[in-house]
Amino acid sequence: MLKVQVAEHRGFCFGVHRTVDTVLEATKHFTSLYTLGPIIHNPSVVNMLEGRGAHVAHSVEDIPEGSTVVIRSHGVSPDVLSQLHSRSIKVIDATCPFVARIQHKVEQAYKEGKIILLVGEPQHPEVQGINGWCRNTAYIVQNTADVEALPALENVCVTAQTTTNQEYWESLLAAIQARFPGCDVYPSICSATFERQQEAVTLAQNVDIMIVIGGRNSSNTQKLYKLCCGYCKQTYLIESPEEIPRDIPYRDAHIGITTGASTPAWIIKEVITSMCDIEKNEILAPETEKIEVEAETPVAENPATIAPAAEAEEQTTEADTVQSIPSTGEGEANFVEDFEKMMMPIRPGQIIKGKVVSVNDNEVCVNIGYKSDGFIQRSEFSAGDDVNPRDVVKEGDEIEVEVLKVNDGEGNVLLSKKNVDSRKYWKDLVVAYNNGEHFTAVGQQAVKGGVIASINGIRAFIPASHLDTKFVEKIDTYVGKSMDVVIIEMEKGRKRVVASHKNALLENAKREKAAKWESIKEGTRVVGTVRRLTDFGAFVDIGGVDGLVHVTNLAWGRVQHPRDVVNVGDEIEVLIMKVDRENERISLGYKQLKPKPWDVATSKYIPGTIVTGKVVRLVTFGAFVELEPGLDGLVHISQIADHRIDKVESVLQPGQVVDVKILDVNPEEHRISLSIRDAMVPKSENDYSPDDYEDSYDEADDDIFEVAEDLDPLA
Ligand code: F3S
């Protein structure tokens, strides 16, 4: 494994990160978007942003009026801002706050009448921008010769470009202070730059090979490179992974990596991947030109910090491992983790988690944290029947996959989600089987003796005798059909499953029946359908189970046969009177939900009115006439005819329909007095006397009613 040490201060600095984020965000909101100059010194990032709609303008005139422009971290002069405003260009100022602070300081000093000395590169955009804030009056110095050449000045204020090398700044400042004693000093070197340079020096002292990644046009990258060259003879400046030198014995070397402030973390990742590939002889690319270490280095200016190469080697760790130091930079929190994953070998059969990068109808691309993304073909996607990956996953989803092939010949990793799903389903299936659960099976193929079905992608056999509760003539009608099944046999070793639809149906019916019985509560009313009539009552279906309405519970009066009250097919409301779950018997009441005849007798049968009734019984003292089922009245012998009779049967016969006058209704004693005689010769209302009703019962002996009560069906 490679021995690589990556600098802690790597990738974008705070200001660059902030600027790139600003541009990225702006691409979401503005269609005509520009940056004034390349946003950073990194062509790949600039190209990436260009691809998202952020175009590079090299001057204010290049930007169409009404567009939006992002000011890069270097900042610009107030003149440039005015030009932009005059062209109605919307300005998003992403000047690094550290640079903005210098601009502000310089503007203030200028207003106070001070002379500005600016240490930096005259052509650098940051320096030009800062100079603009003091009306371009600053003296820009790069070396002691420039300082010596300055005219006599008073009221001097000194500051520097943010990326100036600290040691260089200190030595030059000493020269400036010697020439202009008492000058104001505004230290402005960015700590990010300073720390990065310090760490690069330390790293360069301790490694065999130093790789500096960054743009060749980047001032801070150039400075890093020069610094490292002073401590490590094999220092290379590269802009991209393609420039990695191929003639280095990576396997035995200790390699240090640092980056300029404009280098994104993903380029570091790519460089390390490429080095790994070279080390494994997986890539045989042509050699790239070695960058010669420059003779002139700033090392000579500070010998105290230089360690001889031999000493440096002694300090090198012997650990045969990749060393990386936790990042503190925003956006790089996952770098170490990603890096370690990338270095981790993968093997066929390995189960790993990945993030969906893209999906189409036929394949899914997954980032598995490896140097290459993995692909799941549609046939390897789902354990179930043919499934369109788009219907199941989307970009950003995390899924578990199995590595099928590390390299399909074109550098792609082949993955299977199906295998992972199948294992999981089988495991779930075993648990569910042990719990007696039901499954959904889809018939796939009719075979001899049954049907092959799929339970979540797992093959199961359903014997013909288990396809239904009835005999099945055509088993192929079950192909394509979704069925509720239970597993009746399972061989875990061979992953063999035998299932039954019939057993599932029977279990369901049993469960439904049990649930129905459970829901049947005594004393409740239900609506049911009369299914069958017998001499002793009517069977009523109350929702899957039948109950019996006994003939005596059909009506309040006497019922010869149930058909006199209900017919097959009638929907009737019944009362659940008794439930015998053990013997599965339910007693229902029909008449119980009807009013009792005696409860309404007084309102229905008004004394003095004439109604029709049927003679139902003859006794020596008179005849009982049924006014309606359950409601009989007595016609005393004296009220049968308009003349005296000796025997009731000489005038009346059972079954005879007669008109009777209501003489009296006594619901408490269940007595109604009737008169046929009065019905025959109705009295006028004036002739009518309530005493007449009393007479009727007075004439009957009390025993009569005792006899009558014995015969009363409601008693
Ligand atoms: Fe700003 Fe320092 Fe970076 S000044 S742009 S944070 S190097």
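1. Helix 1 of this predicted model covers residues 14-29, 16 residues in total. Its first and last C-alpha atoms are 23 Å apart, close to the 22 Å expected at 1.5 Å a residue.

2. The buried residues of helix 1 are G15, V16, H17, T19, V20, V23, A26 and T27. An α-helix has 3.6 residues a turn, so residues three or four places apart point the same way.

3. D397 is found in the loop that runs between strand 16 (374-377) and strand 17 (398-405). D397 counts as buried because its relative accessible area is 19%, and the cut-off for buried is under 20%. The side chain of D397 reaches the backbone nitrogen of K394 at 2.9 Å. Apart from neighbours within four places in sequence, the contacts of D397 are G354, K355, V356 and V392.

4. Strand 25 (residues 537-541) is mostly covered, with five of its five residues buried. On one side of the pairing, strand 24 (residues 525-534) joins strand 25 in the antiparallel sense over five bridges. The hairpin between strand 24 and strand 25 passes through two residues, and T529 stands opposite D541 in strand 25.

5. Strand 25 also pairs with strand 26 (residues 546-550), again in the antiparallel sense over five bridges. Here D541 stands opposite D546 in strand 26. The hairpin of strand 25 and strand 26 has four residues between the strands, and G543 takes a positive phi near 105° there.

Notes:
Residues are numbered from 1 along each chain as its sequence is written. This is a predicted model: local features need pLDDT of at least 70, side-chain atom pairs count only at pLDDT 80 or more; totals for chains, interfaces and linings use all residues. Side-chain values use heavy atoms; hydrogens and water are left out. Buried means under 20% relative accessible area, exposed over 50%, partly exposed in between (1.4 Å probe, protein chains only). A polar contact is a pair of N or O atoms within 3.5 Å; within protein, one must be able to donate a hydrogen and the other to accept it, and residues adjacent in sequence count only if both atoms are side-chain atoms. Contact means heavy atoms within 4.5 Å. The expected span of a helix is 1.5 Å times one less than its number of residues. Two strands pair if DSSP finds at least two bridges between them.
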